[in-house]
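Biologist: Could you take me slowly through the salt bridges of this model, and tell me where the charged partners sit and how buried or exposed they are?

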Amino acid sequence: VQLQASGGGLVQTGGSLRLSCAASGRTFSNYAAGWFRQAPGKEREFVAGIDWSGRSTYYADSVKGRFTISRDNAKNTVYLQMNSLKPEDTAVYYCAAAPTTFYSASYARQSRKYDYWGQGTQVTVSS
């Protein structure tokens with residue numbers, strides 16, 4: 001699976017962005033998907049995850065209530081709607097895919113579980 005992330009940019013505090021992750025190469029509906037982010041000088045961290053069907057979603061506490069992950073398997077695309085953005089959300093955001101139908105909150109948070117990664121898209125939130 002090849003993943004292409006897009007939609008990043010510069011936004012003011014309180015603003016919104018929608019990230020997209022387009023998949024190609026294999027049947028994307030066979031994969032769970034997640035968004036991770038990495039800020040300068042920090043480790044990559046889990047942001048949100050979604051199972052293959054879209055029925056189960058998981059979020060980091062830091063983004064719960066502000067971010068929404070969704071997917072459209074007909075379009076082979078996963079989205080991350082980010083609202084009420086804060087300067088601490090500034091990071092490179094990566095989408096990832098995991099070839100599993102057994103997707104749980106614990107599984108979603110482990111970056112090593114994801115076999116495929118996109119190239120990242122920069123999100124900068126100005127104060």
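Modeller: In this predicted model, aspartate 61 is exposed, because its relative accessible area is 66% and the cut-off for that word is over 50%. Aspartate 61 forms a salt bridge with lysine 64, and the closest N and O atoms of these two residues lie 3.3 Å apart. That pair is one of the 4 salt bridges that a search of the whole structure finds.

Another of these pairs brings us to aspartate 89, whose side chain meets that of arginine 66 in a salt bridge with an N to O distance of 2.8 Å. This pair links distant parts of the chain, since arginine 66 belongs to the loop between strand E6 (57–59) and strand E7 (67–72), while aspartate 89 belongs to the loop between E8 and E9, 23 residues apart. Arginine 66 has a relative accessibility of 11% and therefore counts as buried, as the limit for that word is under 20%. Aspartate 89 is buried as well, with a relative accessible area of 0%.

Aspartate 89 also forms a salt bridge with arginine 37, where the closest N and O atoms are 2.9 Å apart. Here too distant parts of the chain are linked, with arginine 37 in strand E4 (residues 32–38) and aspartate 89 in the loop between strand E8 (77–82) and strand E9 (91–98), 52 residues apart. Both arginine 37 and aspartate 89 are buried. Taken together, Arg37, Glu45, Arg66 and Asp89 are joined in a network of salt bridges. As a general point, side chains of opposite charge can pair when their charged atoms come close.

Definitions and conventions
Residues are numbered from 1 along each chain as its sequence is written. This is a predicted model: local features need pLDDT of at least 70, side-chain atom pairs count only at pLDDT 80 or more; totals for chains, interfaces and linings use all residues. Side-chain values use heavy atoms; hydrogens and water are left out. Helices (H or I, at least four residues) and strands (E, at least two) are DSSP runs, numbered from the N terminus. Buried means under 20% relative accessible area, exposed over 50%, partly exposed in between (1.4 Å probe, protein chains only).
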